[in-house]
Amino acid sequence: MSVIEKELQKKTEQENDYILEAKNLKKYFPIKGGVLKRTVGHVKAVDDVSLNIIRGETLGVVGESGSGKSTLGRVILRLLDPTGGQIVFENEDITTLNNRQLRPFRKDMQIVFQDPFASLNPKMNVQELIEEPLLVQTSLSKSERKEKAIDLLGKVGLRPDARLKYPHEFSGGQRQRISIARALALNPKFIICDEPVSALDVSIQAQVLNLMADLQDEFNLTYLFIAHDLSVVKHISDRVAVMYLGRIAEIAPKKNLYEAPLHPYTEALLSAVPSTDVLAKREKIILKGDLPSPSNPPSGCAFRTRCPKAHERCAIDRPDLINVSEGHYVACHLYDNQN
Ligand code: SF4
């Protein structure tokens, strides 16, 4: 990139209103071994991830199981403590805040989990589930909390009488609607959606995705949308990040990523997505082997053991995420002008 292009890029970045910035985030889980249970290694679930999320957008994060995408979401929300790096939410560094200091931020940052049956306490009825965060974070009266619950149920397409029922009395799609209502109770600004439709039937997935898109407009929400299904991510995202073994392989506006992927891993993932468009059909790329262990990733480029375009340098140098066009970044030696 020329100096002028770099300046333009910098200017664009400065003009963006980032709600969240993750800088060089790491999350390593220790591996204990031996009689004394000493740390003998680390699972590098998130390994030097930097990304910015623009206010009002949906940033999709895709990758295979084990790529670190869910751990990244939990670290960003401080549900897990990072091993290194920095998390900035609305220009406030929240990386090392304790629970008490995090409390004002908790209401602005919520999460919707994959399995609503596991995330909703089966002993609580819907009213209790929705008002639980209100009891902790607000001074609303009982009647105000009831009114709020009824209002939120309406927003997610459920009837007022649903508030007296228990999670097991609902279908999977309805339970996820309740999870969304609960996440909205405190009027958050930012929601991490961790595989929110993966457990649902395909016919229900689109309904829940459309609901989430409508709520985003109505409540001016920003989403980090984590999923392994590229079709689902395409449906809802403005930009998409592809993760591989704890790192970002590629990040780009949706159109660029789906129509002109650059990273060989993204190309392989997209080639496996069924398409009804004959012209858009790509030759299927079969990746060899399984995802390597994040406790012992390959040297150089982590993808090199499965990459059909790997060359000598890939085993030696770890590729940096470089900017190749507006908003399009890729971590691959094929694009860094030195391969
Ligand atoms: S750096 Fe090398 S191994 Fe990694 S994706 Fe690019 S070509 Fe493949």
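User: Which residues line the second largest cavity?
Analyst: This is a predicted model, to be clear. In it, the second largest cavity is lined by Val 112, Ile 180, Leu 184, Ile 191, Met 212, Leu 215, Leu 221 and Tyr 223.

User: Which elements give two or more residues to that lining?
Analyst: Those would be α7 (172-184) and α8 (202-219).

User: OK, how many cavities of 30 Å³ or more does the count come to?
Analyst: Two. The largest cavity has a volume of about 80 Å³.

User: Which residues are the closest to the centre of the largest cavity?
Analyst: Cys 301, Cys 307, Cys 314, Cys 332 and His 333, out of 13 residues that line the largest cavity.

User: What's the lining of the largest cavity like by class?
Analyst: Eight of its residues are nonpolar, three are polar and two are charged.

User: Switching topic: how many aromatic pairs does the structure hold?
Analyst: Five. Take Tyr 244 and Tyr 265: their ring centres are 4.7 Å apart and the planes sit at 65 degrees, so that pair is edge-to-face.

User: Where do Tyr 244 and Tyr 265 lie?
Analyst: Tyr 244 is in strand β9 (residues 239-244) and Tyr 265 is in helix α11 (residues 264-271), so the pair ties together parts that are 21 residues apart in sequence.

User: Is Tyr 244 buried or exposed? And Tyr 265?
Analyst: Tyr 244 is buried, at a relative accessible area of 3%. Tyr 265 counts as buried too, with 0% relative accessibility.

User: What about the rings of Tyr 244 and Phe 303, edge-to-face or stacked?
Analyst: Edge-to-face, because the planes of Tyr 244 and Phe 303 are at 80 degrees, and anything over 60 counts as edge-to-face. The centres of those two rings are 5.0 Å apart.

User: How many residues apart are Tyr 244 and Phe 303?
Analyst: They are 59 residues apart, so to speak of the chain, this pair links distant parts of it. Tyr 244 is in strand β9, while Phe 303 is in the loop between α11 and β11 (322-325).

User: Are Tyr 244 and Phe 303 buried or exposed?
Analyst: Both are buried.

User: Last one: which residues form an aromatic cluster?
Analyst: Phe 89, Phe 105 and Phe 190 form one.

Definitions and conventions
Residues are numbered from 1 along each chain as its sequence is written. This is a predicted model: local features need pLDDT of at least 70, side-chain atom pairs count only at pLDDT 80 or more; totals for chains, interfaces and linings use all residues. Side-chain values use heavy atoms; hydrogens and water are left out. On a 1 Å grid over the protein atoms alone, a cavity is a set of points where a 1.4 Å probe fits but cannot get out, and a pocket is an open set with protein on both sides within 12 Å along at least five of seven lines; lining residues have an atom within 4 Å of a point. Grid points are joined across faces, edges and corners, and a volume is the space filled by probe spheres set on the points. Ala, Val, Leu, Ile, Met, Phe, Trp, Tyr, Cys and Pro count as nonpolar, Asp, Glu, Lys and Arg as charged, and the others, Gly among them, as polar. Helices (H or I, at least four residues) and strands (E, at least two) are DSSP runs, numbered from the N terminus. Rings of Phe, Tyr and Trp (its six-membered ring) pair if their centres lie within 6.5 Å; planes under 30 degrees apart count as stacked, over 60 as edge-to-face and the rest as tilted. Buried means under 20% relative accessible area, exposed over 50%, partly exposed in between (1.4 Å probe, protein chains only).
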